[in-house]
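User: I'd like to learn how to read the features of a model like this one. Could you walk me through it, idea by idea?

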Amino acid sequence: EKTKKFLSSMFAVGFLLLPAAGCAEDESAETYTIDFSAKTGTEVQFVKKIDAHCPVWPLNGNMNATLNSDALYTIGALKGMNAEYFRTDMFFGNYGLGASIGSDSGLTGLTDVEYSTVMQLEEHLSDAEIKPYLVLNGIPEYAQTGGYNRKPDYEKYAEVMGNMAAYLKAHGVKAAYETWNEPDLADWYDGVYDLMRTSATATSAIKRADENATVSALGLAFVKEFFSKSETADGVTMSNFERFLAESEKEMFPDAIAWHYYGSETGQVEGNFDEGADFTSYLSFMHGLINEYAGEYEELCTLEQHLTEYHPVSTMASVEDTTQLIGAMFASIEPLLKATDVSRAFWPMYISDSFGVIDKDTYRYNPSYSVLWCYGRLPVDRIAVPEAPENVGIYAAADNSRAGIVLFNGGQEEVRLRVSSENIPFASATTDVYEVSVEHINYNAGITAPYQLLHKTGTQYRDIAVLY
């Protein structure tokens with residue numbers, strides 16, 4: 001049997017789950033054959049390490065007592081992305097999930113009432129098989145010395161953090177923790193020395209209460225600038241990175257160092273002339289720091305990096321519809337995969353404007369969700385693909401029961417391709433073809449998948465056209 005489909009938008013993306021061979025019939029288009037027996041071990045496999053970040057504001061409901069039911073309803077979309085974690089803010093002592101934890105002198109993180117909103121979120125995350133990644137920004141009232149944005153009483157702070165980790169562990173919550181969010185952008189602490197002491201105190205208290213908990217440190221907005229600066233405290237001048245190492249050694253090293261990356265308006269992640277938007281320059285800087293001090297601090301040899309906000313396209317990009325950036329969004333996955341010491345990355349924002357995964361006003365699924373949905377469904381085992389035309393990307397993968405192809409156009413011109421496949425390692429069953437395009441993206445409200453062009457069960461497919 002033969003089926004022909006024409007994806008007319010120049011920004012269209014085809015995602016194919018192919019149980020048999022496929023090709024287009026446009027003789028003017030060049031043919032690209034995907035041989036699903038050609039697994040490659042020379043490239044990083046399609047590991048699933050992309051999660052989602054959501055600031056606490058879209059989640060909050062009424063006066064810290066409840067959460068927004070509309071926002072909670074979207075949590076199921078995370079499962080569609082094949083995410084593992086959902087990152088959001090505790091914001092102790094202010095207006096976040098942790099506002100009630102240690103909220104006065106009589107509460108120290110031991111009572112059920114302090115965790116009402118946290119457990120509301122956990123219920124929805126658990127249903128979607130997602131774990132919380134909790135950002136410990138703000139100081140609980142019980143441990144404050146001058147407000148939520150000043151250094152804590154370290155003994156009381158350790159008490160609350162330890163109690164929190166023990167409570168969540170006892171209630172079956174497999175949370176990961178991050179010791180702050182973008183402290184280099186906000187005047188919250190009394191100096192870098194106090195920031196590092198606060199971070200190290202939280203790390204050690206959590207680890208002692210739950211030895212299996214994952215803890216990342218700091219969540220820096222501009223990691224190169226921050227770790228390059230120095231400060232004098234107690235008569236000793238150290239770089240901020242040296243201070244991080246010294247205070248971590250006194251208490252306990254985290255599992256990961258956390259930092260953020262926001263790209264350029266074009267979404268060019270690698271080779272960007274603007275060093276501030278070039279992802280490679282950030283990785284090189286971190287590699288240099290770690291290698292420089294690894295001989296003195298052996299913990300650096302196993303220190304992971306978590307990109308707790310990885311936004312390949314600047315939120316300042318001047319585009320009317322982010323479907324125009326789908327190619328750049330897909331292309332940004334490759335450099336992230338190659339950064340093998342980056343073990344987790346969080347796509348911001350989850351609920352936000354048109355750059356978010358979910359639109360904050362309509363709760364429709366934005367183009368970035370379709371990108372992450374397609375990638376999340378690719379099998380892990382990577383298939384070697386032929387060199388594609390300029391600006392066109394091809395991802396292919398297969399396992400014992402599924403085979404997938406993702407095609408995307410990162411340029412501004414229409415491209416027509418014929419794509420054929422061979423040697424799929426299992427009997428045919430179902431073929432699905434999805435499109436992400438200007439034509440359909442605005443009608444995807446409430447649909448937890450990209451627009452489906454084709455669904456066919458129980459037949460051998462010999463011809464499927466995917467043309468740009």
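User: How do the axes of helix α5 and helix α7 cross?

Analyst: Happy to start there. Axes are lines fitted to C-alpha atoms, for helices over the stretch in contact, and angles run from 0 to 180 degrees between N-to-C directions. Helices (H or I, at least four residues) and strands (E, at least two) are DSSP runs, numbered from the N terminus. In this predicted model, the axes of α5 (residues 192-209) and α7 (residues 240-250) come within 9 Å and cross at roughly 40 degrees. Angles under 35 degrees count as roughly parallel, over 145 as roughly antiparallel, 65 to 115 as roughly perpendicular and the rest as oblique; α5 and α7 are therefore oblique to each other.

User: Which residues of α5 and α7 meet?

Analyst: A contact means heavy atoms within 4.5 Å. V192, Y193, M196, R197 and A200 of α5 meet N240, R243, F244, E247 and S248 of α7. For classes, Ala, Val, Leu, Ile, Met, Phe, Trp, Tyr, Cys and Pro count as nonpolar, Asp, Glu, Lys and Arg as charged, and the others, Gly among them, as polar. The contact of α5 with α7 then has five nonpolar, two polar and three charged residues.

User: At what angle do helix α4 and α5 pack?

Analyst: Helix α4 (residues 154-170) packs against α5 at about 35 degrees, and the axes are 8 Å apart. Among the residues making this contact are Y157, M161 and A165 of α4 and T198, A202 and I206 of α5. By class, the contact of α4 with α5 has 11 nonpolar, three polar and three charged residues.

User: What do the strands form, and with what pairing?

Analyst: Two strands pair if DSSP finds at least two bridges between them. Here eight strands make a closed barrel with parallel pairing, in the order β4-β5-β6-β7-β8-β11-β12-β13. Neighbouring strands of this sheet are turned by 30 degrees against each other on average, direction ignored. As one case, strand β8 (residues 214-220) and strand β11 (residues 256-262) run parallel and are joined by four bridges. α5 packs on the sheet as well, touching β7 (176-178) and β8, and its direction makes about 165 degrees with that of β8.

User: Which backbone details deserve a look?

Analyst: Most residues other than glycine have a negative phi, and most peptide bonds are trans. E182, in the loop between β7 and α5, has a positive phi near 50 degrees. The peptide bond from P348 to M349 is cis, with omega near -10 degrees, and M349 lies in the loop between β13 (342-347) and β14 (351-352).

User: How many of the residues score at least 70 in pLDDT?

Analyst: pLDDT is the predictor's confidence in each residue, from 0 to 100. The chain averages 85, and 85% of the residues score at least 70. Residues 1-14 are below 50, yet this stretch has 65 contacts in the model beyond near neighbours in sequence.

Note on methods
Residues are numbered from 1 along each chain as its sequence is written. This is a predicted model: local features need pLDDT of at least 70, side-chain atom pairs count only at pLDDT 80 or more; totals for chains, interfaces and linings use all residues. Side-chain values use heavy atoms; hydrogens and water are left out.
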